[in-house]
Amino acid sequence: MAKEGADMTEETQYMIDKHVGKETGSVESPANAKEMRAVMLAGFGGLNKLRVTKKAMPEPQDGEVKIRVKACGLNFLDLMVRQGTIDNPPKTPLVPGFDCCGIVESVGENTTGFEIGDRVMAFVNYNAWAEVVCTPADFVYKMPDEMSFAEAAAFSLNYVAAYMMLFEVANLREGMSVLVHSAGGGVGQAVAQLCSTVPNITVFGIASCFKHAAIKDSVTHLFDRNVDYIQEVKKISPDGVDVVLDCLCGENTGKGLSLLKPLGTYILYGASNMVTGETKSFFSFAKSWWQVEKVKEAMQRIHDRGNIGKLILDFEKSPTPLMANDSTETSEAGEEEEEPEGDNDSKERMPFIH
């Protein structure tokens with residue numbers, strides 16, 4: 001199921017100084033490194049709070065697995081963490097990220113079921129946006145041989161969330177109807193695909209109009225989030241729907257409740273309408289080794305609801321030339337910041353997988 005999302009590949013920019021190696025000094029090879037690079041959130045707020053930094057490489061403790069990360073996910077939850085809008089936000093600085101995949105480098109004492117070289121996907125309590133993570137073996141799972149790292153990163157958090165909502169909370173069964181907001185997002189597409197495993201399920205998808213062409217075949221009925229979809233749904237299903245999956249909150253909660261059948265199930269699993277925004281923009285280059293700007297744009301794309309499926313930070317992709325007009329950054333004050341002259345030759349962008 002994740003392969004469909006991984007096949008929809010688009011390039012988004014990545015800006016980096018090609019001479020960074022000369023400025024930061026030599027870096028140890030991964031096999032001998034005592035330090036690793038990670039994306040650090042210095043404080044809650046805008047995109048400028050993200051920094052690439054070096055930190056001590058973790059070693060597995062009792063019952064843990066050490067993973068060399070190949071790809072990790074970027075979820076709306078990460079955007080909420082960055083802005084500090086989650087319940088009980090952790091103290092900063094911190095390394096964001098909750099899911100990743102890669103290769104087992106070592107295991108701690110009393111850790112069974114994994115060997116060095118295993119390809120795995122894992123859940124972590126923060127710290128996924130780093131070269132290396134350590135996490136309890138209970139949250140690590142071997143990848144199927146035919147699954148790519150990008151597919152694994154797209155699969156884990158989204159499909160677990162979708163599965164739990166549909167089958168453990170809503171008790172989805174044959175003949176039921178489901179309305180899902182943000183149907184073009186990672187969880188929304190996971191919901192649509194999992195619904196297809198149960199006979200005769202009607203899926204009402206709500207999404208931005210520009211996503212419709214890409215996702216129209218994944219749902220039964222598709223509506224623009226900016227129109228009065230309540231009346232359109234009631235024309236098809238006058239009694240309403242059995243399940244509403246709401247990741248938006250705000251005014252959409254009232255709309256969803258008005259469409260719910262008696263004794264139906266309403267699941268509120270997000271609050272993206274509560275997240276404050278930055279102006280849509282491109283970002284100036286960063287003199288750092290890793291893709292901190294790519295992390296930035298991925299977050300911007302999630303905020304603007306520009307992604308179809310899940311955004312993946314893929315360590316395996318090669319840089320491609322930056323488009324000539326991708327040259328400005330919007331500051332938190334909303335003013336565009338021009339890049340220093342003469343730096344155009346040193347910029348590159350990295351592909352993303354949707």
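Which kind of interaction do the side chains of Glu232 and Lys235 form? They meet in a salt bridge, with an N to O distance of 3.4 Å. The structure is a predicted model, and its protein chain has an average pLDDT of 75.

**Confidence of the prediction**

- A pLDDT of at least 70 is reached by 68% of the residues.
- Residues 1–30 have a pLDDT below 50, and this stretch makes 82 contacts in the model beyond near neighbours in sequence.
- Over residues 319–354 the pLDDT also stays under 50; the model has 108 contacts beyond four places in sequence for this stretch.

**The sheet and its helices**

- An open sheet is built from 5 strands in the order β11-β10-β9-β12-β13, with parallel pairing.
- Strands β11 (221–224) and β13 (260–268) are at the edges and have a single partner strand each, so one side of each lacks a neighbour in the sheet.
- On average, neighbouring strands of this sheet are turned by 20° against each other, direction ignored.
- Strands β9 (residues 177–180) and β12 (residues 241–246) run parallel and are joined by 3 bridges; Leu179 stands opposite Val244 in β12.
- Helix α7 (residues 229–236) lies across β9, β10, β11 and β12, and runs at about 160° to β11.
- Helix α8 (residues 251–258) packs on the sheet, where it touches β12 and β13, and its direction makes about 150° with that of β13.

**Salt bridges**

- Side chains of opposite charge can pair when their charged atoms come close.
- The whole structure contains 6 salt bridges.
- Glu232 and Lys235 both belong to helix α7 and are 3 residues apart, about one turn of the helix.
- Glu232 has a relative accessible area of 32% and is therefore partly exposed, whereas Lys235, at 63%, is exposed.
- Salt bridges with shared partners join Glu59, Lys66, Arg68 and Glu105 into one network.
- Within this network, Lys66 and Glu59 meet at 3.1 Å, N to O; Lys66 is buried at 6% relative accessibility, while Glu59 is partly exposed at 44%.
- Another salt bridge, of 3.9 Å from N to O, joins Lys142 and Asp118.
- This pair links distant parts of the chain, since Lys142 is in strand β8 and Asp118 is in the loop between β5 and β6, 24 residues apart.

**A buried aspartate**

- Asp99 is found in strand β5 (residues 99–107) and counts as buried because its relative accessibility is 0%.
- The side chain of Asp99 makes polar contacts with the side chains of Asn75, at 3.2 Å, and Ser156, at 3.3 Å.

Key:
Residues numbered from 1 in each chain as written. Predicted model: local features only at pLDDT ≥ 70, side-chain atom pairs only at ≥ 80, totals over all residues. Heavy atoms only, no water. Pairing = 2+ DSSP bridges. Helix = DSSP H or I, 4+ residues; strand = E, 2+ residues; numbered from the N terminus. Axes fitted to C-alpha atoms, helices over the stretch in contact; angles between N-to-C directions. Contact = heavy atoms within 4.5 Å. Buried < 20%, exposed > 50% of the residue type's maximum accessible area, 1.4 Å probe, protein only. Polar contact = N/O pair within 3.5 Å; in protein donor to acceptor, adjacent residues only side chain to side chain. pLDDT = per-residue confidence, 0-100. Salt bridge = Lys/Arg side-chain N within 4 Å of Asp/Glu carboxyl O.
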